[in-house]
Structure formats: C-alpha cells, structure tokens
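Have the viewer open as you read.

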Amino acid sequence: MIIDNLQNLKNYATVNPLFPKVVEFLKNNDLKKMEPGKYEIEGKDLFVNITVAKGKTPDQAVIETHNKMIDIQIPITDSETFGYTPRENLPAAEYNAEKDITKIPDLAAESYITCQPGMMAIFFPQDGHAPCIAGVPEIKKAIFKVKA
C-alpha cells in the first residue's frame with residue numbers, strides 16, 4: 001500500500017510499467033470535470049472508473065482484494081477513509097475471476113487511513129482494503145485499475 005499526495009505519483013513510475021501512463025492521463029484530464037463512467041487508457045490493462053459511491057461507515061465497508069489489478073484510488077470531492085488489512089491476515093473467501101475481486105464482509109479492518117482530495121491510495125494484490133468510508137452521503141472518486 002502507498003499513501004501519498006497525487007502530485008508524487010510520478011515518483012512511483014518505476015513500480016509498474018503502466019504507472020507513467022496514469023501520470024500522463026492525469027496531466028491531460030481534470031478528474032473533477034469527468035463524468036462518471038469507465039475510461040479505457042490501455043484496454044483491459046489500464047482504465048479508470050469515475051464513480052459516485054455511497055459513503056459508508058467502517059462497519060458497512062467491505063474488505064476486498066484483487067489478484068490481477070492494482071487500484072489507484074483517488075477521492076475527488078471529499079475525504080475518504082480506507083480500511084486496511086494485509087491479505088495474509090484475511091480469511092479465505094470466494095474469488096470472482098470475472099470481476100477480479102474477493103470480498104470479505106463482516107470483518108473490521110486492522111487499521112484505517114484517510115485521504116483528502118489531492119491524495120491517492122495505491123493498493124496492490126497483497127493489500128486488503130475497505131473503500132468508501134466517508135462522512136458524506138456520496139463521494140466522487142477515481143479508481144485506476146492497473147494490470148499487476
């Protein structure tokens with residue numbers, strides 16, 4: 001997991017060969033002005049979902065993991081808190097290969113981190129994360145999905 005200011009994403013460009021394309025996309029697009037939807041950047045290997053998600057309490061948030069993709073989650077309108085539990089500490093659960101997601105409901109995260117707009121949270125396949133914890137009814141956010 002990486003938590004940092006979005007302007008520092010360029011410092012992580014060597015972590016994954018597709019990260020520079022995310023940096024370039026962010027230079028050329030204003031996330032605040034983008035309509036909700038899926039925007040392909042490199043086909044199924046790199047895309048961004050702009051979404052308006054329901055704000056959740058820590059008890060409502062569901063821990064998830066991904067096997068094939070890295071998430072770069074960026075809150076746009078309001079701060080967002082993420083629950084975090086290392087995958088190795090999570091119980092076994094059913095993996096949905098089509099959606100590349102395993103959900104572990106009814107389990108509190110081990111720790112929490114809050115990102116303000118202008119920050120990012122990067123979750124790798126080893127990172128269990130519970131997104132959308134927010135003190136507002138809805139939060140607009142961007143989720144870049146990057147092939148691991």
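A cavity here is a set of grid points where a 1.4 Å probe fits but cannot get out. With that in mind, and remembering that this is a predicted model, we can look for such spaces. Searching the whole structure turns up one cavity of 30 Å³ or more. The largest cavity holds about 30 Å³ of space.

Which residues line the largest cavity? Select P58, A61, I63, G83, L107, A108, A109, Y112, A130 and I133, and you have its lining. By residue class, that lining splits into nine nonpolar, one polar and no charged. Gly counts among the polar residues in this scheme, so G83, a member of the lining, falls in the polar class.

Now for the rings. The distance of the centres and the angle of the planes describe a pair of aromatic rings. Across the whole structure, a search finds two aromatic pairs. In one of them, F25 and F144 have ring centres 5.7 Å apart and planes at 80°, so this pair is edge-to-face; the cut-off for that label is over 60 degrees. F25 belongs to helix 1 (residues 19-28) and F144 to strand 12 (residues 138-147), so the pair ties together parts that are 119 residues apart in sequence.

One more ring deserves a look: F47 has K38 lying over its face, at 4.2 Å from the ring centre.

Terms used: Residues are numbered from 1 along each chain as its sequence is written. This is a predicted model: local features need pLDDT of at least 70, side-chain atom pairs count only at pLDDT 80 or more; totals for chains, interfaces and linings use all residues. Side-chain values use heavy atoms; hydrogens and water are left out. On a 1 Å grid over the protein atoms alone, a cavity is a set of points where a 1.4 Å probe fits but cannot get out, and a pocket is an open set with protein on both sides within 12 Å along at least five of seven lines; lining residues have an atom within 4 Å of a point. Grid points are joined across faces, edges and corners, and a volume is the space filled by probe spheres set on the points. Rings of Phe, Tyr and Trp (its six-membered ring) pair if their centres lie within 6.5 Å; planes under 30 degrees apart count as stacked, over 60 as edge-to-face and the rest as tilted. Helices (H or I, at least four residues) and strands (E, at least two) are DSSP runs, numbered from the N terminus. A charge sits over a ring if NZ of Lys or CZ of Arg is within 6 Å of the ring centre and within 35 degrees of the ring normal.
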